[in-house]
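Here are my notes on this model, in numbered points. Please read them with the structure open beside you.

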Amino acid sequence: MNLWKEFIKGWWKENPVFVMVLGTCPTLAVTNSVRNAIGMIAAVAFVLLGSSIIVSLIRKMVPNQVRIATFIVVIATFVTMADRYLAAYYPDLSKALGPYVPLIVVNCIILGRQEAFASKHGVLESIMDALGMSIGFGIALLLMSSVREILGSGTWLGMKVLGHWFIPWQVMILPAGAFFVFGFLVWGFNAVNKAFKG
Amino acid sequence: MKESIRMIAVLTFFALLSGGILGWFNTFTEKRVEENRLRELLSSLQAVTGMDPKTDTYEVVKKEKDFELYRILSGTKTKAYAIVGEGNGYQDKIRLIFGVSPDFSKILALKILEEKDTPGLGARIESEEYLSQWKGKAANGSLKLVKTPTQNPYEVQAITGATISSTAVLNIVNKSVLRAKKILKEGGK
């Protein structure tokens, strides 16, 4: 039961992007198309899961003073693997995501979860936490990119969803559009959380 | 004292472990990354020079960070040259490749490899409508930008609302043509 709670908290109630407002850099930068967002979600989920497992395994042998440095080494290892893998097997996606894959190293969601959770809990809980947070991150990026791609290009995952009458709102695929959508979604998530709390 | 040795030992251990894992992982991906790069180059060369991958070959004449020159050979005869050039666009670097006839009389085709200009405006330098007009333009390094449709081989029409991006492409082409000519004069066959 406890594991289930660790698993679902990241989906909505503690959504890393909209409620904790972490990892906004990739959220704003790579959500101009659903395809890019999916690539980013996969990379972040892999890194988060991998580093959570390792960090919770080694948490007792790492001295407190060097824990952040050790966590970063672990995270950077997984990020580099993800980056090289994308470059080798999905060159187009790797090109589209550009520097945002290596930048996962400094994504606050990852280090935040190690520091706040994996370094204090066992492997099983940490896996559940990492999976839950990845799903929360995925929900956030899919929402953002769906709104932006549909309004900005009239397509979803490259398929045409709006007819010829629709003139794409170019601003939605520009950085400004990312901020508009982000603002509305943060408001929406927090409004719902508030309503259910009271 | 004991504590600091433990700190050093733990960090060193993880750094070495990480290096080892990445080195091992790289042996799988490195080859594929290189293959992807070559495949992309080959398809670009075909697109801008009409090179036939079955009968034609290519050789690298010059390769620098912001400039590449390839010679396309049909047997031993030079069929065309392909030039990769780079320069500043409206937001970020524009990198492009274009084919030139062996006597440098005209441009065969132009293709944009990288650009991050504004979608709907500057990014239209990637549109077929704009790129197709480059076919047959003079490769003398002194092309001019005009605002109206043109048939002149020494004039290129700018994209409305994207003068900076259009100028950038034109300047890259002009600069790269002159550079290629100079290199071929000095050391090329």
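1. Start with the interface in this predicted model. Chain B and chain A bury about 2,100 Å² between them. Carbon and sulfur atoms carry 74% of that area. The contact draws on 22 residues from chain B and 23 residues from chain A.

2. Which side chains meet in a salt bridge? They are B:Glu40 and A:Lys95, at 2.9 Å from N to O. The rule finds one salt bridge across the interface of chain B and chain A. It also finds six residue pairs in polar contact there.

3. Now look at the side of chain B that touches chain A. Two or more residues each come from helix 1 (2-49) and strand 5 (107-114) of chain B. Helix 1 of chain B gives the largest share, 17 residues. By class, this side has 11 nonpolar, six polar and five charged residues.

4. Turn to the aromatic rings. Over all chains, the search finds 15 aromatic pairs. One of them joins A:Phe46 and A:Phe78, edge-to-face, with 5.7 Å centre to centre and 75° between the planes. A:Phe46 sits in helix 3 of chain A and A:Phe78 in helix 4 of chain A, so the pair ties together parts 32 residues apart in sequence. A:Phe46 is partly exposed, at 38% relative accessible area. A:Phe78 is buried, at 15%.

5. A:Trp165 is exposed, at 65% relative accessibility, whereas A:Phe166 is buried, at 14%.

6. Finally, find the aromatic cluster formed by A:Trp12, A:Phe18, A:Phe182 and A:Phe189.

Conventions:
Residues are numbered from 1 along each chain as its sequence is written. Chains are lettered from A and ligands numbered from 1 in the order in which they are written. This is a predicted model: local features need pLDDT of at least 70, side-chain atom pairs count only at pLDDT 80 or more; totals for chains, interfaces and linings use all residues. Side-chain values use heavy atoms; hydrogens and water are left out. Contact means heavy atoms within 4.5 Å. Buried area is the accessible area (1.4 Å probe) that two parts lose on being put together, summed over both. A salt bridge is a side-chain nitrogen of Lys or Arg within 4 Å of a carboxyl oxygen of Asp or Glu. A polar contact is a pair of N or O atoms within 3.5 Å; within protein, one must be able to donate a hydrogen and the other to accept it, and residues adjacent in sequence count only if both atoms are side-chain atoms. Helices (H or I, at least four residues) and strands (E, at least two) are DSSP runs, numbered from the N terminus. Ala, Val, Leu, Ile, Met, Phe, Trp, Tyr, Cys and Pro count as nonpolar, Asp, Glu, Lys and Arg as charged, and the others, Gly among them, as polar. Rings of Phe, Tyr and Trp (its six-membered ring) pair if their centres lie within 6.5 Å; planes under 30 degrees apart count as stacked, over 60 as edge-to-face and the rest as tilted. Buried means under 20% relative accessible area, exposed over 50%, partly exposed in between (1.4 Å probe, protein chains only).
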